[in-house]
Amino acid sequence: MISSSKTIGGTNLMAETGKLAKQADGSCVVTLGETQVLATCTTAAPREGIDFFPLTVDVEERMYAAGKIPGGFFRREGRPSETATLTARLTDRPLRPTFAPDFRNEVQVVITVLSVDQANPYDIPGINAASLAVCLAGLPFDGPIGAVRLGLIGGQWKVNPTYQELDLATFDMVVAGRLNEHGSVDTLMVEGEAPEGAWGRIQDGEISPTEEVLSEGLEFAKGPIAELIEFQRDIVAKAGANPQEFEPAPAFVEDVYRAVEEFAGPRLADALVQAKGEREANLSALKKELKEYLAAAWGDEYAALASQISPAFKELEKRAMRKRILEDGVRLDGRKTEEIRSISCEVGLVPRAHGSGLFQRGETQVLNVSTLGMLRMTQMIDTLDPEESKRYIHHYNFPPFSTGEVGRIGSPRRREIGHGALAERALVPVVPAEDEFPYTLRLVSDVLESNGSTSMASVCASTLSLMDAGVPIKAPVAGIAMGLIAEAGEFVTLTDILGAEDALGDMDFKVAGTRDFVTALQLDTKVSGLPAEVLAGALKQAKDARLHILDVMSRTIAGPRSELSQKAPRVVMKQIPVDKIGEVIGPKGKRINEIIALTGADIDIEDDGRVFIGSRDGESAERAVDMIEAIINPRLPQVGERFEGTVVKTTTFGAFVNILPGRDGLVHISKLGRGKRLSSVEEAVKVGDKLTVEVQEIDPQGKVSLKPVGEGWDPPEGGWPRVEGEEAQGERRPRREGDGRGGRGFRPRRDRGDRDRGEGDRGGRREP
């Protein structure tokens with residue numbers, strides 16, 4: 001077994017190999033703090049006729065890593081969590097371009113999370129472990145790659161901060177890179193965002209993540225990345241792992257390319273028109289002609305070479321597109337390198353939605369719909385992360401019709417999860433805090449048309465939708481996707497890239513932010529030796545584009561609406577003393593359920609005394625607030641005061657009427673008969689009846705005696721008529737003389753109901 005450790009940015013990183021998973025082609029265990037992952041790499045011979053590199057990266061979370069038993073009926077791990085999926089993408093992106101271009105073997109990298117300490121995220125040890133496992137497997141890999149996390153904390157970049165330290169950060173990003181032939185670090189991948197609470201920290205004076213600050217951070221990351229690469233190289237050398245020989249499997253041979261170029265080259269310029277649909281139709285027709293021509297020209301050899309025609313044609317298209325940009329400064333759709341496609345915005349499209357926004361940029365169109373709900377609708381998270389719930393949720397859908405294709409529609413794929421998460425993170429810093437805006441927010445972005453950067457279009461549509469719903473976001477956010485063409489030391493940055501420019505170019509750089517700072521970014525590059533000034537220039541060019549987009553959006557809706565949508569629920573928050581929570585809830589939830597029944601409001605009570613009251617209209621919520629206020633700060637009724645009460649209980653001796661929250665009074669049965677003797681209270685009133693009552697008396701114990709008043713209850717002049725055989729009001733039956741029982745007068749047996757009423761016959765109800 002080989003083991004080694006190194007301190008990176010003040011944190012100890014340990015790696016070992018030769019102990020676990022020895023039958024894999026390459027395996028290692030990497031530990032950061034007490035967070036530990038096992039990475040394995042296995043490979044198989046290439047499938048016949050394959051023209052791409054089949055790399056698969058999987059992340060397997062084990063709940064035992066955090067000392068948890070999985071939820072659900074089966075009590076075992078199911079499909080990957082969102083964190084696992086995003087970490088797999090984070091690992092795949094720097095690994096894939098580092099393999100040899102003509103390598104076609106099947107490769108599977110599996111990262112198994114063995115332990116998490118709730119301080120160090122497992123993505124950094126995971127990426128480094130995956131790189132080390134691939135190197136130990138001896139594959140044709142231009143690595144190792146190193147990955148670090150940087151947190152902008154207190155104006156300084158900190159390497160591999162913990163979850164707790166990131167609570168103080170204004171930006172959090174993961175950077176991965178490799179050493180080039182000149183011995184310097186090439187940045188391969190960046191994923192970053194301003195975390196929740198960053199807005200408040202920036203307002204308090206912390207350094208904001210501007211383009212200049214982020215450029216400095218990307219350069220700073222190269223130091224620890226170089227250390228990690230040397231650390232991995234040392235372990236690989238000790239293990240004696242050497243790259244294995246492999247049989248290159250190019251997608252096409254040079255002779256095929258020359259034949260394709262000879263026929264299609266002169267015709268390609270006419271096919272590359274500006275409109276996407278027409279261009280693709282032209283290219284498809286040209287390829288069909290090409291295949292027919294080559295079938296006739298090659299004769300019997302055609303069958304053996306036919307599979308190479310399409311990749312050779314794609315390479316010809318790529319070179320033509322790149323040449324036009326480098327030499328003429330003109331792109332596929334006729335734009336200049338810094339030009340943005342036409343933009344249009346619209347809000348309020350969906351009649352019943354709480355908020356909706358449509359963002360169109362060229363041939364990319366995204367509809368976003370916002371829905372507001374009570375805080376109990378927050379998403380509960382049962383993963384290895386410290387995060388237990390999520391209040392702001394963004395979902396992204398990419399149906400096949402958005403590109404004019406037929407395809408499967410089902411559960412979201414990795415790409416949809418990744419794009420949705422990026423757009424979600426871009427808005428998190430500007431979403432108001434729970435105390436300011438006590439709602440759960442779910443946003444759904446449906447891509448209706450796609451021709452480049454739907455994730456950044458989703459950011460813009462989300463902003464429009466939130467403002468249309470009246471959500472008081474801190475500032476509007478927009479996003480833009482940048483590209484790069486690199487050839488022979490020449491670098492041209494492209495603003496607002498098309499889908500084809502993404503596929504055929506050398507960089508995909510997405511940047512989202514407000515007018516003042518960056519809220520999220522994502523970078524993937526395919527080139528070596530990218531100068532720092534080129535990346536810094538791309539960030540500046542992206543800011544210019546972002547400001548232009550924000551200007552266009554502001555012409556549609558300048559800011560959040562002054563009031564919430566009439567279709568959205570009304571939620572108010574009231575803070576009550578923690579020791580009053582029990583009184584508000586009541587025994588077995590009796591009081592809170594009464595408030596809900598009387599007002600129709602939804603009520604959630606948190607352990608810290610925050611009470612969230614929601615309803616479809618503000619009046620119901622205010623009534624519930626008043627009733628809760630009356631419970632925690634009760635007022636005593638006054639003699640002679642009248643109330644519109646509700647009968648809440650009947651007994652043999654009277655009816656209890658609720659007159660104030662938590663306070664009942666008794667109307668004696670003798671006051672309910674309108675001059676008649678009643679055999680039961682139910683002859684006059686029933687539980688649930690409304691009854692106007694007046695306070696007659698409040699005894700020293702606070703028990704309230706009531707009488708019914710109002711129409712039908714006030715006695716006529718001279719009082720209620722006397723019924724024959726009944727005593728006049730105020731008369732007493734004469735006391736009987738002794739009856740042979742020691743001289744004591746006769747006393748009737750007490751009604752057992754008196755024992756059960758608990759409060760006596762004149763008091764307010766007490767809760768058991």
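## Met380 and its surroundings

Once residues up to four places away in sequence are set aside, Met380 touches Glu388 and Ser389. The model in which these contacts occur is a predicted one. Met380 belongs to strand E14, which covers residues 379–380.

With a relative accessible area of 61%, Met380 is exposed, because the cut-off for that class is over 50%. Val518 lies 138 residues from Met380 along the chain, and the C-alpha atoms of the two are 28 Å apart.

Helix H11 spans residues 454–469 and contains Thr463. Ser458 is also found in helix H11. Is Ser458 buried or exposed? Its relative accessible area is 0%, so Ser458 is buried. Thr463 likewise counts as buried, because its relative accessibility is 0%.

Ser458 is in contact with Val366, His394, Tyr396, Ala423 and Ser445. Thr463 touches Leu427, Ile473, Pro476, Val477 and Met553.

In soluble globular proteins, nonpolar side chains tend to be buried together. In this model, the largest nonpolar core comprises 140 residues, and Phe359 and Phe509 have the most contacts inside it.

Which residues does Phe359 contact, leaving aside its neighbours within four places in sequence? Its partners are Ile343, Ser344, Cys345, Thr364, Gln365, Val366, Ala457, Cys460, Ala461, Leu464, Ile549 and Met553.

## Packing of helices H1 and H2

Helix H1 runs over residues 82–95 and helix H2 over residues 123–136; the two pack with their axes 10 Å apart, at an angle of about 40 degrees. That angle makes H1 oblique to H2, because angles under 35 degrees would count as roughly parallel. The crossing of the two helices, H1 and H2, is right-handed.

On the H1 side, the contact involves Thr87, Leu90, Thr91 and Leu95, which meet Asp123, Ile127, Ala130 and Ser131 in H2. Sorted by class, the residues in the contact of H1 with H2 are four nonpolar, three polar and one charged.

Key:
Residues numbered from 1 in each chain as written. Predicted model: local features only at pLDDT ≥ 70, side-chain atom pairs only at ≥ 80, totals over all residues. Heavy atoms only, no water. Helix = DSSP H or I, 4+ residues; strand = E, 2+ residues; numbered from the N terminus. Buried < 20%, exposed > 50% of the residue type's maximum accessible area, 1.4 Å probe, protein only. Contact = heavy atoms within 4.5 Å. Core = buried A, V, L, I, M, F, W, Y, C linked by side-chain atoms within 4.5 Å. Axes fitted to C-alpha atoms, helices over the stretch in contact; angles between N-to-C directions. Parallel < 35°, antiparallel > 145°, perpendicular 65-115°, else oblique. Left-handed = near helix turned anticlockwise from the far one by under 90°. Nonpolar A, V, L, I, M, F, W, Y, C, P; charged D, E, K, R; others polar.
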